[in-house]
Amino acid sequence: QTNSAATIAGLQGDDQVTVTGYATGTNASRTAYADNLVVTAVTGTLLSNYTVNTTHGSLEITPYTGAVTITGNSSTVTYNANSRSVAGYTVSGLVGDDASAGTLSGITAAGAVGTNAGSYANAVSGSNGNYSNLIFVDGVLKINKADLTITGANSTATYNGQAQTNSAATIAGLQGDDQVT
């Protein structure tokens, strides 16, 4: 951003000057960017006919106050006995070149790692001096329970006066090295 305006007073007749050295800055700052004005005569104007007094201006860039939402990435998976993870974040509401970058300095996502069924937070946090209205929404790694099916076997036995057992079953859906008895 550039402070590209100056008031010129006192020129006589058709005399003309150009002014350069305006303050230029990119980021919000507690200290204003200062002009370093230089006055140059346009052809046909003699600056020697003038006492040139410059009062330097400044450019103050204040933080953007619109809502900027930082959302931790999320993922939903099914338990498979392996470590699962999610990382990173997305941003909406950025302005200028920041919008095309899609990330924001000073912001981090903790990431989430889990193996067992449950929910794990991908917490986002931080600050950025160019934006004053940051809204943080944590992401979640959700590991859903896997289906485990136990089907008892059907059997037929003839009465023999003894206790008889049907001890066969089919187990489907165990993950990794998981075992059941």
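Q: Where does Thr45 lie?
A: Thr45 lies in the loop between β3 and β4 (58-59), where strands (E, at least two residues) and helices (H or I, at least four residues) are DSSP runs numbered from the N terminus. This is a predicted model, in which local features need pLDDT of at least 70, side-chain atom pairs count only at pLDDT 80 or more, and totals for chains, interfaces and linings use all residues. Residues are numbered from 1 along each chain as its sequence is written, and side-chain values use heavy atoms, with hydrogens and water left out.

Q: Is Thr45 buried or exposed?
A: Thr45 counts as buried because its relative accessibility is 10%; buried means under 20% relative accessible area, exposed over 50%, and partly exposed in between, with a 1.4 Å probe and protein chains only.

Q: And what is Thr45 in contact with?
A: Leaving aside neighbours within four places in sequence, Thr45 is in contact with Asp15, Gln16 and Tyr50, contact meaning heavy atoms within 4.5 Å.

Q: Moving on, where is Asp35 found?
A: Asp35 is found in the loop between β2 (33-34) and β3 (38-41), and with a relative accessible area of 7% Asp35 is buried.

Q: Which backbone nitrogen lies 2.5 Å from a polar atom of its side chain?
A: That is the backbone nitrogen of Ala23, 2.5 Å from a polar atom of the side chain of Asp35. Ala23 is also among the residues that Asp35 touches, and the others are Asn3, Gly21, Tyr22, His56, Gly57 and Ser58, not counting residues up to four places away in sequence.

Q: What about Leu141, where is its place?
A: Leu141 has its place in strand β14, and Leu141 counts as buried because its relative accessibility is 0%.

Q: Which residues does Leu141 touch?
A: Not counting residues up to four places away in sequence, Leu141 touches a list of residues including Ser75, Val77, Arg84, Val86, Ala112, Gly114 and Tyr120. Gly114 is 27 residues from Leu141 in sequence, while the two are 7.7 Å apart in space, C-alpha to C-alpha.

Q: Okay, new topic: what is the phi of Ala81?
A: Phi of Ala81 is near 75 degrees, a positive value in a residue other than glycine. Most residues other than glycine have a negative phi. Ala81 is found in the loop between β6 (75-78) and β7 (84-86), and at 24% relative accessibility Ala81 counts as partly exposed.

Q: Zooming out, how many helices and strands has the protein chain?
A: The protein chain has one helix and 16 strands. Its radius of gyration is 35 Å, well over the 16 Å that the globule rule gives for 181 residues, so the chain is more spread out than a compact globule; the radius is taken over C-alpha atoms, and the rule is 2.2 Å times the number of residues to the power 0.38.

Q: What box do the C-alpha atoms fill?
A: Taken along the principal axes, the C-alpha atoms of the protein chain fill a box of roughly 130 × 25 × 25 Å.

Q: And how much of the chain counts as buried?
A: Of the 181 residues of the protein chain, 19% count as buried. Among contacts between residues at least 6 apart in sequence, 53% join residues at least 24 apart.

Note on methods. Polar contact = N/O pair within 3.5 Å; in protein donor to acceptor, adjacent residues only side chain to side chain.
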